[in-house]
Amino acid sequence: MIDRRLHVLRTLAEHGTVTAAAAALHLTPSAVSQQLRLLARDLGVELLRPEGRRVRLTPAAHIALRHADALRLQWEAARAELAQQGSGPRGTLRLCGVSSALATLAAPAVARLRTTYPLVEPLLVEEESGECYRLLLAEEADVALVLPGPDAPPATDPRFEQTPLLTDHQDLLVPEGHRLARPGGVPLGAAAEEAWIVKTRDNDTHPLVLAACAAAGFTPRVVHQVKEWYAVSALVAEGLGVCLVPRIVPLPRHAVTRVPVSGAPVPVRQLLTAVRRGSAEHPLVKAGLEALREAASGHVLGT
(Lines give C-alpha, C1' and ligand atoms only; values in the text may rest on other atoms or scores of the structure.)
Protein backbone atom coordinates (compact mmCIF):
# COMPACT_ATOMS: atom_id res chain seq x y z
CA MET A 1 0.00 0.00 0.00
CA ILE A 2 2.96 2.35 0.54
CA ASP A 3 4.57 3.72 -2.63
CA ARG A 4 7.55 1.46 -3.30
CA ARG A 5 9.53 4.42 -4.58
CA LEU A 6 9.72 5.70 -1.01
CA HIS A 7 11.42 2.43 -0.07
CA VAL A 8 13.90 3.04 -2.89
CA LEU A 9 14.57 6.52 -1.50
CA ARG A 10 15.10 5.10 2.00
CA THR A 11 17.56 2.53 0.66
CA LEU A 12 19.49 5.24 -1.15
CA ALA A 13 19.63 7.25 2.07
CA GLU A 14 21.20 4.24 3.81
CA HIS A 15 23.74 3.31 1.14
CA GLY A 16 24.73 6.72 -0.19
CA THR A 17 25.09 5.84 -3.88
CA VAL A 18 22.66 4.77 -6.57
CA THR A 19 24.87 1.77 -7.40
CA ALA A 20 24.92 0.50 -3.81
CA ALA A 21 21.19 1.07 -3.40
CA ALA A 22 20.51 -0.80 -6.64
CA ALA A 23 22.56 -3.78 -5.43
CA ALA A 24 20.67 -3.85 -2.13
CA LEU A 25 17.33 -3.70 -3.93
CA HIS A 26 18.27 -6.21 -6.65
CA LEU A 27 17.60 -3.54 -9.27
CA THR A 28 19.72 -1.86 -11.92
CA PRO A 29 21.11 1.62 -11.19
CA SER A 30 19.08 3.02 -14.09
CA ALA A 31 15.87 1.59 -12.59
CA VAL A 32 16.65 3.20 -9.24
CA SER A 33 17.37 6.57 -10.87
CA GLN A 34 14.19 6.41 -12.92
CA GLN A 35 12.00 5.59 -9.91
CA LEU A 36 13.48 8.48 -7.93
CA ARG A 37 13.02 10.91 -10.83
CA LEU A 38 9.37 9.90 -11.13
CA LEU A 39 8.86 10.23 -7.38
CA ALA A 40 10.38 13.72 -7.40
CA ARG A 41 8.14 14.68 -10.33
CA ASP A 42 4.99 13.38 -8.63
CA LEU A 43 5.84 15.10 -5.35
CA GLY A 44 6.83 18.31 -7.11
CA VAL A 45 10.07 18.71 -5.14
CA GLU A 46 13.80 18.12 -5.54
CA LEU A 47 14.82 14.97 -3.68
CA LEU A 48 18.53 14.55 -4.52
CA ARG A 49 21.57 16.72 -5.08
CA PRO A 50 24.87 15.40 -6.52
CA GLU A 51 27.81 15.47 -4.13
CA GLY A 52 30.90 14.02 -5.77
CA ARG A 53 30.25 10.36 -6.52
CA ARG A 54 27.45 10.26 -4.00
CA VAL A 55 24.13 12.02 -3.73
CA ARG A 56 22.73 13.97 -0.83
CA LEU A 57 19.09 13.92 0.20
CA THR A 58 17.41 17.29 0.25
CA PRO A 59 15.32 18.54 3.21
CA ALA A 60 12.24 17.64 1.17
CA ALA A 61 13.46 14.05 0.83
CA HIS A 62 13.84 13.74 4.60
CA ILE A 63 10.31 15.08 5.08
CA ALA A 64 8.99 12.51 2.61
CA LEU A 65 10.78 9.69 4.43
CA ARG A 66 9.47 10.81 7.81
CA HIS A 67 5.90 10.69 6.55
CA ALA A 68 6.54 7.37 4.77
CA ASP A 69 7.65 5.80 8.06
CA ALA A 70 4.49 7.08 9.77
CA LEU A 71 2.28 5.78 6.96
CA ARG A 72 3.92 2.35 7.04
CA LEU A 73 3.45 2.12 10.81
CA GLN A 74 -0.23 3.05 10.54
CA TRP A 75 -0.77 0.55 7.73
CA GLU A 76 0.81 -2.32 9.70
CA ALA A 77 -1.20 -1.41 12.81
CA ALA A 78 -4.40 -1.32 10.76
CA ARG A 79 -3.71 -4.75 9.26
CA ALA A 80 -2.97 -6.15 12.72
CA GLU A 81 -6.16 -4.72 14.21
CA LEU A 82 -8.29 -5.99 11.32
CA ALA A 83 -6.77 -9.47 11.59
CA GLN A 84 -7.64 -9.53 15.30
CA GLN A 85 -11.32 -9.50 14.34
CA GLY A 86 -11.02 -13.10 13.19
CA SER A 87 -11.26 -16.29 15.25
CA GLY A 88 -7.49 -16.69 15.67
CA PRO A 89 -4.25 -17.00 13.72
CA ARG A 90 -4.72 -18.37 10.22
CA GLY A 91 -2.90 -18.13 6.92
CA THR A 92 0.72 -18.29 5.82
CA LEU A 93 3.40 -17.16 8.26
CA ARG A 94 6.71 -16.53 6.50
CA LEU A 95 9.83 -16.82 8.63
CA CYS A 96 13.37 -16.17 7.45
CA GLY A 97 16.71 -16.29 9.22
CA VAL A 98 20.27 -17.49 9.49
CA SER A 99 20.84 -21.23 9.24
CA SER A 100 21.72 -21.95 12.88
CA ALA A 101 18.66 -20.07 14.15
CA LEU A 102 16.38 -21.90 11.72
CA ALA A 103 17.77 -25.28 12.74
CA THR A 104 17.69 -24.77 16.50
CA LEU A 105 14.88 -22.26 17.09
CA ALA A 106 12.60 -21.94 14.07
CA ALA A 107 12.23 -25.69 13.46
CA PRO A 108 10.78 -26.46 16.93
CA ALA A 109 8.79 -23.22 16.86
CA VAL A 110 7.17 -24.21 13.57
CA ALA A 111 6.40 -27.69 14.90
CA ARG A 112 4.64 -26.10 17.88
CA LEU A 113 2.72 -23.70 15.64
CA ARG A 114 1.42 -26.51 13.44
CA THR A 115 0.12 -28.32 16.53
CA THR A 116 -1.32 -25.29 18.34
CA TYR A 117 -2.72 -23.45 15.33
CA PRO A 118 -3.66 -25.94 12.59
CA LEU A 119 -4.88 -23.10 10.33
CA VAL A 120 -1.40 -21.54 10.28
CA GLU A 121 0.89 -22.63 7.46
CA PRO A 122 4.53 -21.73 8.29
CA LEU A 123 7.02 -21.14 5.50
CA LEU A 124 10.77 -21.07 6.26
CA VAL A 125 13.48 -19.40 4.17
CA GLU A 126 17.21 -19.44 5.03
CA GLU A 127 18.97 -16.13 4.36
CA GLU A 128 21.71 -13.96 5.80
CA SER A 129 20.55 -11.12 8.03
CA GLY A 130 20.85 -8.34 5.47
CA GLU A 131 18.61 -10.19 3.04
CA CYS A 132 16.13 -10.92 5.85
CA TYR A 133 15.58 -7.21 6.44
CA ARG A 134 14.99 -6.74 2.71
CA LEU A 135 12.44 -9.57 2.71
CA LEU A 136 10.59 -7.94 5.59
CA LEU A 137 10.36 -4.62 3.79
CA ALA A 138 9.28 -6.30 0.57
CA GLU A 139 6.57 -8.12 2.58
CA GLU A 140 8.05 -11.43 1.47
CA ALA A 141 8.65 -12.36 5.13
CA ASP A 142 6.78 -11.63 8.36
CA VAL A 143 9.32 -12.60 11.06
CA ALA A 144 13.11 -12.68 10.77
CA LEU A 145 15.78 -14.27 12.97
CA VAL A 146 18.83 -12.05 12.53
CA LEU A 147 22.23 -11.16 13.92
CA PRO A 148 23.23 -7.52 14.46
CA GLY A 149 26.24 -6.59 12.38
CA PRO A 150 27.91 -3.75 10.50
CA ASP A 151 25.33 -3.83 7.70
CA ALA A 152 22.23 -4.27 9.87
CA PRO A 153 19.86 -1.36 10.53
CA PRO A 154 20.27 0.26 13.96
CA ALA A 155 17.89 -0.49 16.81
CA THR A 156 16.34 2.93 16.30
CA ASP A 157 15.39 2.24 12.67
CA PRO A 158 11.70 3.26 12.49
CA ARG A 159 10.86 0.51 10.00
CA PHE A 160 11.54 -2.44 12.30
CA GLU A 161 10.89 -3.77 15.78
CA GLN A 162 14.03 -5.65 16.80
CA THR A 163 13.92 -7.66 20.02
CA PRO A 164 16.68 -9.73 21.67
CA LEU A 165 15.78 -13.42 21.59
CA LEU A 166 18.85 -15.39 22.62
CA THR A 167 22.40 -14.73 23.80
CA ASP A 168 24.52 -17.52 22.37
CA HIS A 169 28.04 -18.39 23.50
CA GLN A 170 30.67 -19.14 20.88
CA ASP A 171 33.02 -22.05 21.55
CA LEU A 172 36.44 -22.76 20.13
CA LEU A 173 36.30 -25.77 17.82
CA VAL A 174 39.50 -27.82 17.63
CA PRO A 175 40.46 -31.34 16.47
CA GLU A 176 40.19 -34.13 19.02
CA GLY A 177 43.43 -34.42 20.97
CA HIS A 178 44.48 -30.86 20.15
CA ARG A 179 46.61 -29.04 22.72
CA LEU A 180 43.70 -26.63 23.37
CA ALA A 181 41.10 -29.37 23.88
CA ARG A 182 40.80 -28.70 27.61
CA PRO A 183 37.53 -29.47 29.41
CA GLY A 184 37.88 -26.41 31.63
CA GLY A 185 38.17 -24.10 28.64
CA VAL A 186 40.88 -21.78 27.36
CA PRO A 187 41.16 -18.02 26.79
CA LEU A 188 40.62 -17.11 23.17
CA GLY A 189 44.08 -15.56 23.02
CA ALA A 190 45.54 -19.06 23.40
CA ALA A 191 44.52 -19.69 19.79
CA ALA A 192 46.28 -16.60 18.44
CA GLU A 193 48.98 -18.60 16.66
CA GLU A 194 46.66 -21.21 15.22
CA ALA A 195 45.50 -21.37 11.62
CA TRP A 196 41.87 -20.30 11.41
CA ILE A 197 38.89 -21.46 9.39
CA VAL A 198 36.12 -18.90 8.96
CA LYS A 199 32.94 -18.55 7.01
CA THR A 200 33.01 -16.43 3.87
CA ARG A 201 33.01 -12.65 4.07
CA ASP A 202 29.38 -12.36 2.96
CA ASN A 203 28.29 -14.42 5.98
CA ASP A 204 26.95 -12.96 9.24
CA THR A 205 29.48 -14.84 11.39
CA HIS A 206 32.57 -13.44 9.64
CA PRO A 207 32.60 -10.01 11.36
CA LEU A 208 31.70 -11.65 14.69
CA VAL A 209 34.80 -13.86 14.56
CA LEU A 210 37.06 -10.95 13.64
CA ALA A 211 35.58 -8.80 16.43
CA ALA A 212 36.00 -11.57 19.02
CA CYS A 213 39.64 -12.15 18.06
CA ALA A 214 40.36 -8.41 18.05
CA ALA A 215 38.89 -8.13 21.56
CA ALA A 216 41.21 -10.96 22.62
CA GLY A 217 44.18 -9.05 21.24
CA PHE A 218 45.01 -10.70 17.92
CA THR A 219 44.10 -10.93 14.25
CA PRO A 220 43.36 -14.49 13.14
CA ARG A 221 45.54 -16.03 10.44
CA VAL A 222 42.77 -17.18 8.10
CA VAL A 223 43.76 -20.08 5.89
CA HIS A 224 40.38 -21.40 4.73
CA GLN A 225 36.99 -19.81 4.05
CA VAL A 226 33.90 -22.00 3.66
CA LYS A 227 30.13 -21.52 3.70
CA GLU A 228 28.57 -24.36 5.69
CA TRP A 229 29.14 -25.48 9.28
CA TYR A 230 29.43 -29.09 8.08
CA ALA A 231 32.43 -28.11 5.97
CA VAL A 232 33.92 -26.02 8.80
CA SER A 233 33.70 -29.00 11.16
CA ALA A 234 35.19 -31.38 8.57
CA LEU A 235 38.20 -29.13 7.99
CA VAL A 236 38.78 -28.73 11.73
CA ALA A 237 38.57 -32.51 12.18
CA GLU A 238 41.36 -32.93 9.62
CA GLY A 239 43.62 -30.55 11.55
CA LEU A 240 43.45 -27.77 8.98
CA GLY A 241 42.66 -25.06 11.52
CA VAL A 242 40.43 -23.97 14.38
CA CYS A 243 37.34 -21.79 14.46
CA LEU A 244 34.67 -20.25 16.64
CA VAL A 245 31.32 -22.02 16.51
CA PRO A 246 28.06 -20.80 18.10
CA ARG A 247 26.90 -23.15 20.81
CA ILE A 248 23.45 -23.65 19.31
CA VAL A 249 24.91 -24.89 16.03
CA PRO A 250 24.43 -28.67 15.73
CA LEU A 251 27.57 -30.37 14.42
CA PRO A 252 28.02 -33.70 12.63
CA ARG A 253 29.95 -36.57 14.19
CA HIS A 254 33.40 -35.37 13.25
CA ALA A 255 36.53 -35.85 15.37
CA VAL A 256 36.29 -32.37 16.89
CA THR A 257 36.01 -30.91 20.40
CA ARG A 258 34.05 -27.86 21.48
CA VAL A 259 36.15 -25.91 23.99
CA PRO A 260 34.48 -23.22 26.14
CA VAL A 261 36.22 -19.86 25.98
CA SER A 262 37.25 -18.77 29.46
CA GLY A 263 38.35 -15.42 30.83
CA ALA A 264 37.29 -12.12 29.36
CA PRO A 265 35.96 -11.23 26.96
CA VAL A 266 33.83 -14.32 26.32
CA PRO A 267 32.64 -14.23 22.69
CA VAL A 268 28.87 -14.28 22.37
CA ARG A 269 26.44 -13.35 19.66
CA GLN A 270 22.96 -11.93 20.06
CA LEU A 271 20.09 -13.36 18.06
CA LEU A 272 17.20 -10.98 17.45
CA THR A 273 13.70 -11.24 16.12
CA ALA A 274 12.80 -8.53 13.62
CA VAL A 275 9.36 -7.64 12.27
CA ARG A 276 7.96 -4.65 10.45
CA ARG A 277 7.15 -1.99 13.02
CA GLY A 278 3.47 -2.10 13.91
CA SER A 279 2.98 -5.74 12.87
CA ALA A 280 3.88 -7.47 16.15
CA GLU A 281 0.23 -7.60 17.29
CA HIS A 282 -0.96 -9.26 14.09
CA PRO A 283 -2.27 -12.69 15.23
CA LEU A 284 0.02 -14.57 12.82
CA VAL A 285 3.12 -12.60 13.73
CA LYS A 286 2.32 -12.70 17.45
CA ALA A 287 1.91 -16.48 17.37
CA GLY A 288 5.23 -16.84 15.55
CA LEU A 289 7.07 -14.63 18.03
CA GLU A 290 5.60 -16.50 21.00
CA ALA A 291 6.64 -19.85 19.52
CA LEU A 292 10.18 -18.58 18.94
CA ARG A 293 10.46 -17.26 22.50
CA GLU A 294 9.36 -20.64 23.83
CA ALA A 295 11.93 -22.43 21.66
CA ALA A 296 14.66 -20.01 22.85
CA SER A 297 13.78 -20.44 26.54
CA GLY A 298 15.64 -23.75 26.65
CA HIS A 299 18.82 -22.21 25.29
CA VAL A 300 19.48 -19.40 27.75
CA LEU A 301 23.11 -18.26 27.31
CA GLY A 302 23.61 -21.16 24.94
CA THR A 303 23.04 -23.82 27.60
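**Basis.** I worked from a predicted model, in which local features need pLDDT of at least 70, side-chain atom pairs count only at pLDDT 80 or more, and totals for chains, interfaces and linings use all residues. Residues are numbered from 1 along each chain as its sequence is written, and side-chain values use heavy atoms, with hydrogens and water left out.

**Largest pocket.** I noted a volume of about 740 Å³ for the largest pocket. A pocket is an open set of points on a 1 Å grid over the protein atoms alone, with protein on both sides within 12 Å along at least five of seven lines; lining residues have an atom within 4 Å of a point. Of its 32 lining residues, His15, Gly130, Glu131, Asp151 and Ala152 are the closest to the centre. H1, H2 and H6 (129-137) are the elements that give two or more residues to this lining. Helices are DSSP runs (H or I) of at least four residues, and strands (E) are runs of at least two, numbered from the N terminus. By class I recorded 13 nonpolar, 8 polar and 11 charged residues. Ala, Val, Leu, Ile, Met, Phe, Trp, Tyr, Cys and Pro count as nonpolar, Asp, Glu, Lys and Arg as charged, and the others, Gly among them, as polar.

**Helices H1 and H2.** I then examined H1 (residues 4-15) against H2 (residues 18-25): their axes come within 8 Å and cross at roughly 125 degrees. That angle makes H1 oblique to H2. Axes are lines fitted to C-alpha atoms, for helices over the stretch in contact, with angles from 0 to 180 degrees between N-to-C directions; oblique covers what is left after under 35 degrees (roughly parallel), over 145 (roughly antiparallel) and 65 to 115 (roughly perpendicular). The contact (heavy atoms within 4.5 Å) includes His7, Thr11 and His15 of H1 and Val18, Ala21 and Leu25 of H2. The residues of this contact are 7 nonpolar, 3 polar and 1 charged.

**Cavity.** I found 1 cavity of 30 Å³ or more; a cavity is a set of points where a 1.4 Å probe fits but cannot get out. The largest cavity holds about 60 Å³ of space. Among the residues that line it are Trp196, Val209, Trp229 and Cys243. Strand E8 (195-199) gives the most to this lining, with 4 residues. The lining comprises 8 nonpolar, 1 polar and 1 charged residues.

Key
Points joined across faces, edges and corners; volume = space filled by probe spheres on them.
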